[in-house]
Amino acid sequence: MMTREEIAAIDRECEEQHISQQDYLESHGIAKHQYYRWKRRYREEDEQSLVPAGFVPMMPGAAPAQSVPAQRTKGKQQKSQDQESFLTVEIRTSCGSAMRIQGNMTAAHLREIISASNV
C-alpha cells in the first residue's frame with residue numbers, strides 16, 4: 001500500500017527534478033502498477049468528495065457536506081486531482097467577516113482550505 005503522502009512526494013520530486021514518473025519508479029524499485037493503482041484510487045476518492053459549486057454552510061467542527069459523484073461521460077476524461085482549475089472560494093464566519101480566495105487550485109488545495117476553515 002502507498003499513502004497519499006508517498007504519491008504526492010513522488011509527484012513533487014519528479015516535477016522538481018524534471019524526470020518522468022516511470023524513470024523515478026524504476027530507479028527506486030517501486031512497482032509501476034502499485035504506484036498507478038494507488039494514485040488512481042486516491043484520485044477517484046477525491047473526485048467523489050468534491051463539493052458542487054454554490055454556497056455550502058459549514059459549522060465549526062463539522063465535516064463538510066458530501067457531494068454526489070460526478071457523472072462519467074463516454075469519450076471525455078474527467079479532471080484529475082493534479083489538474084488545476086480557476087476557482088473562487090469565499091469563507092464567511094458567523095460574526096460576519098469574510099475571506100475570498102481566488103486562483104488556480106487542485107482538489108488537494110480545496111480540501112486544505114475547507115479543513116482549515118473548520119478549525
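Q: Why is Y36 called partly exposed?
A: Y36 has a relative accessible area of 31%; partly exposed lies between buried, under 20%, and exposed, over 50% (1.4 Å probe, protein chains only), so Y36 falls in that class. The model is predicted, with local features needing pLDDT of at least 70, side-chain atom pairs counted only at pLDDT 80 or more, and totals for chains, interfaces and linings using all residues. Residues are numbered from 1 along each chain as its sequence is written, and side-chain values use heavy atoms, without hydrogens and water.

Q: What makes Y35 buried?
A: Its relative accessibility is 0%, so Y35 counts as buried.

Q: How many aromatic pairs does a search of the whole structure find?
A: The search finds two. Rings of Phe, Tyr and Trp (its six-membered ring) pair if their centres lie within 6.5 Å; planes under 30 degrees apart are stacked, over 60 edge-to-face, and the rest tilted.

Q: Why is the pair of Y35 and Y36 called edge-to-face?
A: The centres are 4.9 Å apart and the planes make an angle of 75°, which is edge-to-face because the limit is over 60 degrees.

Q: How do you know that the charged end of R41 sits over the ring of W38?
A: The charged end of R41 is 4.5 Å from the ring centre; the definition asks for NZ of Lys or CZ of Arg within 6 Å of the centre and within 35 degrees of the ring normal.
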